[in-house]
Amino acid sequence: MTDRRTTMQQDMIVILDLGSHENTMVARAVRELGVYSEIKAHDITVAELQALPNVKGIIINGGENNIIDGVPIDVDAAIYTAGYPVMSVGHALAKVENLPAWPEHEAVLALLKKFVFDECKATANWNMPNFINDQVELIRQQVGDKKVLLALSGGVDSSVVAALLIKAIGKQLTCVHVNHGLMRKDESESVVKVFGEELKANLVYVDASERFLSKLAGVADPEAKRKIIGAEFIRVFEEEARKLDGIEFLGQGTIYPDVVESGTKTAKSVKSHHNVGGLPEDLQFKLVEPLYQLFKDEVRACGVELGLPHSMVYRQPFPGPGLGVRCLGAITKERLEAVREADAILREEFANAGLDKKVWQYFTVVPDFKSVGVRDNARTFEYPVIIRAINTIDAMTATIEEIDWPILHKITNRILAEVKNVNRVCYDLSPKPNATIEWE
Ligand code: XMP
């Protein structure tokens, strides 16, 4: 069950989705002006609008998806006379003729600015200190004196939720960090240091490495590996949850794109999202999702405001199955260690060269075959390391980063000198498509 809360103090512009592809873009543009915005379904009633806090104006955002089951959709006519300033864009309602489509970005912004500040008289009070103050209050109201459980992976979203919940309810939160043995170098250690030691969280650290590795032993099929890792994660988390008494709430790092991508009335679901899905029926918690209003960059800004380290807040995307999908085929400790050490070198050298701020995702892969090499005048038969560095907007397509040769040479030399069981370094030049970003 979800009890999603919204802002308390901050002014809001509501965007009514009348079939536009550009709802998210408009919501973002309003927030760039410093005013909070939320997308709502076209059939919201005036009473529902009035129940929302501090609504200063409404943007009716029309588009090509304005027919549902063969019937054209429209907003409730009463909305026009409910006393809110209304701006209609991108669609042709009978009442409003010659509506403009959304113009180029800057002209949008000018149009929006005029509407938001001159007509709606909204205050630019959407910022992270205000957001955090509101959420602390709302979380306290929702949770009361009850306890909250959170799966803390160390990823951006779960880390920021943890920091926010710690600020709001302190020891009423229990964080569970499951180390599945497929984390990057020093990652679990950093979760323990930041949350256990610095933020003094109630942190349960579970080293389940051996358990995951034994389940994965001999399993070479990528899908089978993913399923084992996912299922085992739920099992470990469930076991920990059962050891704790009186938990009523589950914290989740749901963010606004998850909400939008889970489907709207006019757009089909892109993906169903579950951060910790699949818990057994008798472990039904109420959800606390304090980031559900935020876009990714806002989540990062919130993390910075809460004092989390830059490396945690700005870390690149990392798949749930971790290094498990970068240690190709049946995972062995030897190759897992090689991919982890090579990845640490790559990340260090990218940071030295400033590429960590430029490149969207970069990592190493170790395949499950060997090649012949030579070291100290002796034959070697060892694994290659493959470097992958890509840029993308939405991870649906990707291009490769053209890393400068001197940087590639330095990384290659370091990997060959420092990583055990490796005698060759390759650079993956494949865009997506035809390759995917990950190798498995
Ligand atoms: P692909 O390999 O499909 O990856 O081109 C697209 C993006 O998704 C990430 N990825 C995952 N993220 N769980 C995740 O949370 C996963 O199982 C998973 N698999 C891939 C990948 O790292 C890339 O950013």
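User: What counts as a disulfide here?
Analyst: A disulfide is a pair of cysteine sulfur atoms within 2.5 Å. Keep in mind that this is a predicted model.

User: OK, how many disulfides does that rule give?
Analyst: The count is 0 disulfides.

User: Is Cys175 buried or exposed?
Analyst: Cys175 counts as buried, because its relative accessibility is 0%. Cys120 counts as buried too, at 5% relative accessibility.

User: Switching to helices. How do α4 and α5 cross?
Analyst: Helix α4 covers residues 128-143 and helix α5 covers residues 156-169. Their axes come within 9 Å and cross at roughly 65°. That makes α4 roughly perpendicular to α5.

User: And which hand is the crossing of α4 and α5?
Analyst: Right-handed: that is how α4 passes α5.

User: Which residues make the contact?
Analyst: From α4, they include Phe131, Ile132 and Val136. From α5, Leu164, Leu165 and Ile169 are among them.

User: What kinds of residues are in that contact of α4 with α5?
Analyst: They divide into 9 nonpolar, 1 polar and 2 charged.

User: New topic. Where is Lys420?
Analyst: Lys420 sits in the loop between α13 (405-418) and β16 (422-427).

User: Buried or exposed, for Lys420?
Analyst: Lys420 counts as exposed, because its relative accessibility is 69% and the cut-off for exposed is over 50%.

User: What separates Lys420 from Val26?
Analyst: Along the chain, Lys420 and Val26 are 394 residues apart. Their C-alpha atoms are separated by 51 Å.

Note on methods:
Residues numbered from 1 in each chain as written. Predicted model: local features only at pLDDT ≥ 70, side-chain atom pairs only at ≥ 80, totals over all residues. Heavy atoms only, no water. Helix = DSSP H or I, 4+ residues; strand = E, 2+ residues; numbered from the N terminus. Buried < 20%, exposed > 50% of the residue type's maximum accessible area, 1.4 Å probe, protein only. Axes fitted to C-alpha atoms, helices over the stretch in contact; angles between N-to-C directions. Parallel < 35°, antiparallel > 145°, perpendicular 65-115°, else oblique. Left-handed = near helix turned anticlockwise from the far one by under 90°. Contact = heavy atoms within 4.5 Å. Nonpolar A, V, L, I, M, F, W, Y, C, P; charged D, E, K, R; others polar.
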